[in-house]
Amino acid sequence: CLPGAGGSIMVTKEGLCKKIEEVFPDAGVCGIDFDVEFDKENKAWVVDLHHGSHHLKTFIDIDEASSCVDGKTCIPLAMQVAQLKRNFELASCSES
């Protein structure tokens, strides 16, 4: 997750990236990577999880991102990560 300008005062790209790495420790291994950008048009964070040529993008609204970064709840983000693992059958990739 590369540094860059965020779209919210409360949530930075770097802060959200760090939280994703906490929620999804397999990021950066097993060929999994992710990008985070603020989408001004939708007023939400876009998290693009990718494995090879496959992508799973999700929008995390500002309030949900703030709650997650503040350590309160990361349910939308965690659900998307779980879906990525199911989509790419990566439930045990850290074991390989």
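Biologist: Which residues of helix H1 are buried?
Modeller: In helix H1 (residues 13-23), the buried residues are Lys-13, Leu-16, Cys-17, Lys-19 and Ile-20. They cover an arc of only 165° around the axis, which places them on the same side of H1. That arc is taken from the directions that lead from the helix axis to the C-beta atoms. Buried stands for under 20% relative accessible area, exposed for over 50% and partly exposed for values in between, with a 1.4 Å probe and protein chains only.

Biologist: What kind of model is this, and which rules apply to it?
Modeller: This is a predicted model, in which local features need pLDDT of at least 70 and side-chain atom pairs count only at pLDDT 80 or more, while totals for chains, interfaces and linings use all residues. Residues are numbered from 1 along each chain as its sequence is written, and side-chain values use heavy atoms, with hydrogens and water left out.

Biologist: Where in the chain is confidence lowest, and where is it highest?
Modeller: Helix H3 (residues 75-87) is lowest, at a mean of 75, and E1 is highest, at 89. The score is pLDDT, the predictor's confidence in each residue, from 0 to 100. The chain averages 77, and 78% of the residues score at least 70. Over residues 2-9, pLDDT stays under 50, and the model has 12 contacts beyond four places in sequence for them. A contact means heavy atoms within 4.5 Å.

Biologist: How do the elements run from the N terminus on?
Modeller: The run is α-β-β-β-α-α, with three helices and three strands in the chain. Helices (H or I, at least four residues) and strands (E, at least two) are DSSP runs, numbered from the N terminus.

Biologist: What order do the strands take in the sheet?
Modeller: The open sheet of three strands has the order E1-E2-E3, with antiparallel pairing. E1 and E3 are the edge strands, each pairing on one side only. On average, neighbouring strands are turned by 20° against each other, direction ignored. Two strands pair if DSSP finds at least two bridges between them.

Biologist: How many bridges join E2 to strand E3?
Modeller: Eight bridges join E2 to E3 (residues 54-61), and E1 (residues 32-39) pairs with E2 over eight bridges as well. Trp-45 in E2 stands opposite Phe-38 and opposite Ile-60 in E3. Val-47 stands opposite Thr-58 in E3.

Biologist: Which residue in the turn between E2 and E3 has a positive phi?
Modeller: Gly-52 does, at about 65°, in a hairpin with two residues between the strands. The hairpin of E1 and E2 has four residues between the strands, and there Lys-43 takes a positive phi near 50°.

Biologist: Why is strand E2 described as largely enclosed?
Modeller: Seven of the eight residues of E2 (residues 44-51) are buried, so the strand is largely enclosed by the rest of the structure.

Biologist: Which strands does helix H2 lie across?
Modeller: Helix H2 (residues 62-69) lies across E1, E2 and E3, running at about 95° to E3. Axes are lines fitted to C-alpha atoms, for helices over the stretch in contact, and angles run from 0 to 180 degrees between N-to-C directions.

Biologist: Changing topic, which cysteines does a disulfide join?
Modeller: Cys-68 and Cys-74 are joined, with an S to S distance of 1.9 Å. A disulfide is a pair of cysteine sulfur atoms within 2.5 Å, and by this rule the count comes to one. The link is right-handed, with 100° about the S-S bond.

Biologist: Are Cys-68 and Cys-74 buried or exposed?
Modeller: Both Cys-68 and Cys-74 are buried.
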